[in-house]
Amino acid sequence: MHVWAIANQKGGVGKTTTVVNLAALLGESGKRVLIVDMDPQGSLTSYFKLNPDAIEHSVYDLFMHQGKVPDNLPGQLLQDTGMPGVELMPATSALATLERNISQQGGMGLVLSRALTQLWDDFDYVVIDTPPLLGVLLVNAIAAAQVLVLPVQTEFMALKGLERMMHTLKMVAGSRHKPLQYLIVPTMFDRRTQASHKALRVLRQQYEEDLWVSAIPVDTRLRDASREGVGINQFDSASRGCEAYRALLKSLLQMQPVKA
């Protein structure tokens, strides 16, 4: 199993869109994929027409057992997405209360890792959507991940969010027992605006070694696909957005050996 977390400590940079479309393309290629919604806002869950305020069982259930994960619980939380090969572990808005409720409990940073261990033979890939705040949920995602994808909108306020995320990575790196690869992915690139071009130049100057060579463009077809609750490959496989996500997936697959 390969585990990717999509993270940035700024909202609105394309995390959920990236999760959905990487998963959709992996599923299209015949891989078994689990997507995990670790964000209390539940954007990934809502993408598939599920209500985070009404879901009875979710990722929240994993955290209700003092850091342990009961046998078979993760498998009971899975929901069908309608995308070939892709299942969802949904979020509920109750996740927003976790920080307050479990802040004094030890061992809570590895709950997701323990849950995924139970599903190790059931999926080829796990792609995790994360909250834009540093806390127990983001720590769980980073702890579970082998590769971190950092979407950053090509505008200057988003670059500040990336700085915070890089600082968080340095803090977390010392507590990990396994290496963490990461890739910074420019998103929402609008080739018509000087602001996008300038932001991309800054990214290339400051993060050249860790930056994806291309960018995810502004593409209304991505928004249209989200409205239908499907991946861009199902909605418009010839779109610029689909071509960009195919190229990103190819780059990510080259970052690590893919098990047969």
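User: Let's start with Asn72: is that residue buried or exposed?

Analyst: Keep in mind that this is a predicted model. Asn72 has 55%, so Asn72 is exposed. You'll find Asn72 in the loop between α2 and α3.

User: Where does Gln66 lie, and is Gln66 buried or exposed?

Analyst: Gln66 sits in the loop between α2 (43–47) and α3. With a relative accessible area of 59%, Gln66 is exposed.

User: Okay, on to sheets. How do I read one, and in what order do the strands come here?

Analyst: The general idea: strands of a sheet pair through backbone hydrogen bonds, either parallel or antiparallel. In this model, 7 strands make an open sheet with mixed pairing, and the order is β3-β4-β2-β5-β1-β6-β7. The edge strands are β3 (79–80) and β7 (181–187), each of which pairs on one side only.

User: Which strands does β1 pair with?

Analyst: β1 pairs with β5 in the parallel sense over 5 bridges, and with β6, again in the parallel sense, over 3 bridges. For landmarks, Ile6 has Asp129 as its bridge partner in β5, while the partner of Ala5 in β6 is Leu148. Elsewhere in the sheet, β2 and β4 (residues 86–89) are parallel too, with 4 bridges; there Ile35 is bridged to Leu88.

User: How many residues of β1 are buried?

Analyst: Go residue by residue along the strand, and then look at both faces. In β1 (residues 2–6), 5 of the 5 residues are buried, so the strand is largely enclosed by the rest of the structure. His2, Trp4 and Ile6 point one way, Val3 and Ala5 point the other way, and all are buried.

User: Now helices. Which residues of α5 are buried?

Analyst: The thing to remember is that an α-helix has 3.6 residues a turn, so residues three or four places apart point the same way. In α5 (residues 111–118), the buried residues include Val111, Leu112, Ser113, Ala115 and Leu116. The buried residues of α5 pack against β1, β2 (33–37), α3 (73–76), β5 and α6.

User: At what angle do α5 and α6 pack?

Analyst: About 45°, with the axes 7 Å apart. α5 and α6 are therefore oblique to each other. By class, their contact has 6 nonpolar, 2 polar and no charged residues. On the α5 side you have Val111, Leu112, Ser113 and Leu116, meeting Asn140, Ala141, Ala143 and Ala144 in α6.

User: And what is the angle between α1 and α11?

Analyst: α1 (residues 15–28) and α11 (residues 240–253) pack at about 75°, with their axes 10 Å apart. Angles from 65 to 115 degrees count as roughly perpendicular, and α1 and α11 are therefore roughly perpendicular to each other. Their contact has 8 nonpolar, 3 polar and 2 charged residues. Among the α1 residues in the contact are Asn21, Leu22, Leu25 and Glu28, and α11 brings residues including Tyr245, Arg246 and Leu249.

User: Last topic: loop residues. Where is Thr130 found, and is Thr130 buried or exposed?

Analyst: Thr130 is in the loop between β5 (125–129) and α6 (136–144), and at 0% relative accessibility Thr130 counts as buried. The Thr130 side chain reaches the backbone oxygen of Ile6 at 2.8 Å. Beyond four places in sequence, Thr130 also touches residues including Asn8, Lys15, Met38, Asp39 and Leu138.

User: What about Thr154: which loop holds it, and what does Thr154 contact?

Analyst: Thr154 has its place in the loop between β6 (147–153) and α7 (156–173). At 2% relative accessibility, Thr154 counts as buried. Leaving out neighbours within four places in sequence, the contacts of Thr154 include Pro186, Met188, Phe189, Asp190, Ser196 and Leu203.

Key. Residues numbered from 1 in each chain as written. Predicted model: local features only at pLDDT ≥ 70, side-chain atom pairs only at ≥ 80, totals over all residues. Heavy atoms only, no water. Axes fitted to C-alpha atoms, helices over the stretch in contact; angles between N-to-C directions. Helix = DSSP H or I, 4+ residues; strand = E, 2+ residues; numbered from the N terminus. Parallel < 35°, antiparallel > 145°, perpendicular 65-115°, else oblique. Contact = heavy atoms within 4.5 Å. Nonpolar A, V, L, I, M, F, W, Y, C, P; charged D, E, K, R; others polar. Buried < 20%, exposed > 50% of the residue type's maximum accessible area, 1.4 Å probe, protein only. Polar contact = N/O pair within 3.5 Å; in protein donor to acceptor, adjacent residues only side chain to side chain. Pairing = 2+ DSSP bridges.
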